[in-house]
Amino acid sequence: MGQRGNSTINDVARLANVSKKTVSRVINKSSHLSDKTRSHVEKIIADIGYVPNPQARALALRHNFIIAVIHDNPNAQFLVSVQNGMLEGIKGSDYGLMVQPVNRNSPTIADEIKNFLERHRPYGVLLLPPISDNDELAELCASYGTRYVRMASIELDAPEHIVTSNDRAAVEEAVTYLIEEGHENIALIEGPKGFISAAERRAGYEQAMAKAKLPVTKDMITPGAYTFESGYEAGVSILDADKKPTAIFVANDEMAIGVMIAARERNINIPDDLSIIGFDDTPLSSHVWPPLTTVRWPINAMAKSAAERLIAEKQNVPSKDVFLSSALIKRGSVAKIIKV
């Protein structure tokens, strides 16, 4: 018998008095075994400290154990939350996580992802927004037999290939909350052009304003890039204008915190002089002062659901977690307008 930690599959088979094929089936969690045989072999594996060779397992199963996240997203905190959710989803399994950045504006993006799939042969792929908006890239994954799930703000695909949330309705609720607090001049700092999430969040803002019969002029909407720097720059532009809003809805938390810094530099008090709402509910949103009112986007839960679907034995079983709802989190960055 091999030493503990250096044992082989032959040692396990001999001690368990079964074939190597049976041991392999136990390791690979085959259903074609009795509970008695499985328990017996698993005990031998534990007793002698046998560790299966991942390369050998990959060859036996004809796939490796890589789950990849493919993204082009400037929001670092968003990526951290996605990774944490994915790691929760694969915890206790044999799968590992790989993160692959790409440039969505590159004319060769399809070739780059094709080369990635050929080189690494991931078992499954999570496509993050805005990459997930691209049907061609999803079809490319399917053509390689690679399981894929798309995270998005709307339903872009069949249930087994999508996790989504209600960005538009959540933003409408957030802006309606500002209106109920007496705000009428509400500015928007939107996300990057070409992002479905940015379009959905802008639509939610416009719907809330329209329902309240409040005008939305061109100068009330400022572009952003989902980064702290772009939020700061947008905040400077808005707060240095002659006509300042009493409230700003910002399409993500990183930009919202940039606006808060711009306001503080100008001695504009939040929330007494300016109310701000963000989107995402990243950890920083509750650590700034005042704590940021925001829309909690269930990033961790969506990523976890995607990972679980990717490694499930049957991916084509629709999940109850295809849709996960966002929620408004009220904190200290919004104040009521007191009309005299």
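1. Which strands does helix α10 lie across? Helix α10 (residues 228-239) lies across β6, β7 and β8 (247-250) and runs at about 150° to β6. Helices (H or I, at least four residues) and strands (E, at least two) are DSSP runs numbered from the N terminus. Axes are lines fitted to C-alpha atoms, for helices over the stretch in contact, and angles run from 0 to 180 degrees between N-to-C directions. Contact means heavy atoms within 4.5 Å.

2. The model is predicted: local features need pLDDT of at least 70, side-chain atom pairs count only at pLDDT 80 or more, and totals for chains, interfaces and linings use all residues. Residues are numbered from 1 along each chain as its sequence is written, and side-chain values use heavy atoms, with hydrogens and water left out.

3. The strands β7-β6-β8-β9-β10-β11, in that order, form an open sheet of six strands with mixed pairing. Two strands pair if DSSP finds at least two bridges between them. At the edges stand β7 (221-223) and β11 (327-329), each of which pairs on one side only. From one strand to the next, the twist averages 20°.

4. Strand β6 (residues 186-190) pairs with β7 in the parallel sense over three bridges, and leucine 188 stands opposite isoleucine 221 in β7. Strands β9 and β10 run parallel and are joined by four bridges; here phenylalanine 279 stands opposite valine 295 in β10. By contrast, β10 and β11 run antiparallel, with three bridges between them, and threonine 294 has isoleucine 329 in β11 as its bridge partner.

5. Another helix on this sheet is α11 (residues 253-265), which lies across β6, β8, β9 (275-280) and β10 (293-296). Helix α11 runs at about 155° to β9.

6. A second open sheet has five strands in the order β2-β1-β3-β4-β5, with parallel pairing. Strands β2 (96-101) and β5 (162-164) stand at its edges with a single partner strand each, so one side of each is left without a neighbour in the sheet. Its twist also averages 20° from one strand to the next.

7. Glycine 124 stands opposite arginine 147 in β4. Helix α7 (residues 135-143) packs on the sheet and touches β3 and β4, its direction making about 160° with that of β4. Helix α5 (residues 76-90) lies across β1 (66-71), β2, β3 and β4, and runs at about 155° to β2.

8. The axes of helix α1 (residues 9-16) and helix α2 (residues 20-27) come within 9 Å and cross at roughly 105°. The two helices are therefore roughly perpendicular to each other (angles of 65 to 115 degrees). In their contact, Ile9, Asn10, Val12 and Ala13 of α1 meet Lys20, Val23, Ser24 and Ile27 of α2. These residues divide into five nonpolar, two polar and one charged. Ala, Val, Leu, Ile, Met, Phe, Trp, Tyr, Cys and Pro count as nonpolar, Asp, Glu, Lys and Arg as charged, and the others, Gly among them, as polar.

How values were computed: Parallel < 35°, antiparallel > 145°, perpendicular 65-115°, else oblique.
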